[in-house]
Structure formats: C-alpha cells, structure tokens
Amino acid sequence: MLPATFKLCAAISYQHLRNMSGLRRQATVAISQELSKLACRRMGPSAWINQVRRRSSLLSSRLEENPFSEEEMSYIKQGEEALQKSLSILGNQDGWKTETVAGNGDKVLSKVLPDVGKVFRLEVVVDQPLDAVYSELVDNMEQMGDWNPNVKEVKILQKIGKDTVITHEKAAAPPGNIVGPRDFVSVRCARRRGSTCVLAGMATNYSAMPEQEGFVRAENGPTCMVLRPLAGSPSQTKLTWLLSIDLKGWLPKTIINQVLSQTQVDFANHLRGRLAHTMARTC
C-alpha cells in the first residue's frame, strides 16, 4: 500500500510543479490561442497586426490610469493650445513691421491679428548655449525677479506633470508709473523638439489666486519663446519671443506699444547680464 501512496503523492507533486510552471507560461499560451483563432478565421498579416494593436491598446487603457484630474487635463490642454497658436503666428512671415532695432542687432517687430490684437516679436542672439538659457528661463523661473527689473515676482502655484505649470507673476511698475502695477496668472508649458525648445503660455483662471488688491489683473497670450542653437555657432542661442498681452485698464495704445516693445529689448539685455554673471560664477 505504501508504494502506491508514494507514487500517488509523487504524481500530485509533479502535477503541482507543472501547474506552477504553466502559470509562468500563461501569457505565451494565451497568445498561442489567439493566433490559432485568427488562423482559423484566415486573417491576413495586416489584419492580425491591427487586431494585436487594438487588443494591446485596450489592455493598456485598462491598466494605465490617468494620473491627472479633469481640471489638470484642462490646464495641460490650455498649454498645448497656447503653444500651437503661438507657433502658428510666428510661422506666418507676412505683415510684420519693424518697431525698433538696437545697435547690437536686437530687433522688435509687430503686427495686428484680427482675433488677438497687436503682437510683438523679439529676435535676438544670446552668447550662451541653449541649455544655459533654457535652465535660466525654465528651471530658475522663480528667480526672474532677481535680475529682471520689470518683474517683481514669479511664483509657481502648481506643477502638472513635468512640462506644465501654473504661475503668478507680478510686474514691477515702470519709471514714472505710467502703467500701474499689473499681475498675471498663466498656464505655461515647455516642449523640446530636437535642438529647438518652445516655452509657451497664456492667461488662465485659477481659483486659488483671485485678483489681488493693488494690482490690475492683466492677461497674457498666446505667447511663447523659441530657443534654437545659432546656425554654425552652437555656443550661441537664437531667441525669438512672441509677446501678446492685454494690460487692461484705460491706457492709450501709443503708450502700451512703447512700453511693450521696450520691455522686450530690456529683457534681452537683462538676460544677457544674468547669464554672464552665472557663467562667471560657475567657472
């Protein structure tokens, strides 16, 4: 009786091990079954590929949960919209008029768009590599008030993923206080496409940052900065800044145009000074 019992136990143990091994091969078996079914249906290679892709997509959608809330997704979409609109404006070369040309070659152009109003375009070359410029404008965004006198403060209110942020910016009053204090709440996104970086943004509503006493809530957008290595000189960066802004309030257009174009020229000079100081400090 003992030998028979031993054989039975051994058979059960062997079957258990086979079952454990089978669990590991479960995915392979499932795939084999699907292939058999598809073969019976005489599906061609392209149909099989489409079927696999569809099943894979469905499985991924079930397994991968959306890490963003509905509100966060709306901000991400706003950032994408700002990026696409800005690049579309910059891509149309017609109708630009020169506002000012500085002695160092910095240039500000403008044109009027039916659905946006007057937009300004700054074109400059910065004697620093793209990564250094990108780091200062994106990674060190909240330090902008330290080197740009036109900015009083930049604060990141919320980060959404790795590319999108909600910011609150207080603009410093210009000399003579011809334009009173303004502040902005914006959604911003950063994208890198090969050797080109695009930093885009537009005004948004953010319940945690209502209008502030003593400031007029102005609106940005669509606006963006495009950074590219200068052709033939990778140690220099070509920076193009599209500025679209509604300062709100009762202000003559001539004053607004003068302030905005000068703000862009000043920004380029302040950025150069900041980068030179940073590079000197790290060397």
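**Rings, a cis proline and a pocket**

Biologist: Hello! Which charged residue sits over the ring of Trp 96, and how far from its centre?

Modeller: Happy to start there, with the note that this is a predicted model. The residue whose charged end sits over the ring of Trp 96 is Arg 121, and the distance from the ring centre is 5.2 Å.

Biologist: And which residue lies over the face of Tyr 134?

Modeller: Tyr 134 is one of the buried residues of H5. At 6.0 Å from the centre of the Tyr 134 ring, the residue over its face is Arg 192.

Biologist: Since we are in H5, how many of its residues are buried?

Modeller: Buried here stands for a relative accessible area under 20%. Among the residues of H5 that qualify are Leu 130, Ala 132, Val 133 and Glu 136. The helix is largely enclosed by the rest of the structure, because the buried residues number 7 of the 10.

Biologist: What about Pro 129: which residues does it touch, leaving out those up to four places away in sequence?

Modeller: Pro 129 is found in the loop between E3 and helix H5 (130-139), and it is partly exposed, at a relative accessible area of 33%. Its C-alpha is 4.4 Å from that of Ser 235, although 106 residues separate the two in sequence. Beyond its sequence neighbours, Pro 129 touches Pro 234, Ser 235 and Thr 237.

Biologist: Now to the aromatic pairs. How many are there?

Modeller: Rings pair when their centres lie within 6.5 Å. Applying that rule gives a count of 3 aromatic pairs.

Biologist: Why is the pair of Tyr 75 and Tyr 206 classed as it is?

Modeller: Planes under 30 degrees apart would be stacked and those over 60 edge-to-face. The Tyr 75 and Tyr 206 planes meet at 50 degrees, with the ring centres 6.1 Å apart, so the pair is tilted.

Biologist: Which parts of the chain does that pair tie together, and how far apart are they in sequence?

Modeller: Tyr 75 belongs to helix H4 (residues 70-91), while Tyr 206 is in the loop between strand E7 (196-203) and strand E8 (216-217), so the parts tied together are 131 residues apart. Both ends are buried: Tyr 75 has a relative accessible area of 4%, and Tyr 206 has 17%.

Biologist: Which residues form the cluster with Trp 147?

Modeller: Trp 147 and Phe 267 have ring centres 5.9 Å apart and planes at 45 degrees, so that pair is tilted too. Through ring pairs, Trp 147 is clustered with Trp 241 and Phe 267.

Biologist: Where does Pro 222 lie, and is its peptide bond from Gly 221 cis or trans?

Modeller: Pro 222 is in the loop between strand E9 (219-220) and strand E10 (223-230). Most peptide bonds are trans. The bond from Gly 221 to Pro 222, however, has omega near 0 degrees, which is cis.

Biologist: Last one: which element gives the largest share of the lining of the second largest pocket?

Modeller: That pocket holds about 410 Å³ of space and has 20 lining residues, with Gly 117, Lys 118, Ile 245, Asp 246 and Ile 256 nearest its centre. The lining divides into 9 nonpolar, 6 polar and 5 charged residues. Strand E3 (117-126), E9, strand E12 (245-246) and H7 each give two or more residues. The largest share is 4 residues, and it comes from H7.

Notes
Residues numbered from 1 in each chain as written. Predicted model: local features only at pLDDT ≥ 70, side-chain atom pairs only at ≥ 80, totals over all residues. Heavy atoms only, no water. Phe/Tyr/Trp six-rings, centres within 6.5 Å; stacked < 30°, edge-to-face > 60°. Buried < 20%, exposed > 50% of the residue type's maximum accessible area, 1.4 Å probe, protein only. Lys NZ or Arg CZ within 6 Å of the ring centre and 35° of its normal. 1 Å grid on protein atoms, 1.4 Å probe; cavity = no way out; pocket = protein on both sides within 12 Å on 5 of 7 lines; lining within 4 Å. Points joined across faces, edges and corners; volume = space filled by probe spheres on them. Nonpolar A, V, L, I, M, F, W, Y, C, P; charged D, E, K, R; others polar. Contact = heavy atoms within 4.5 Å.
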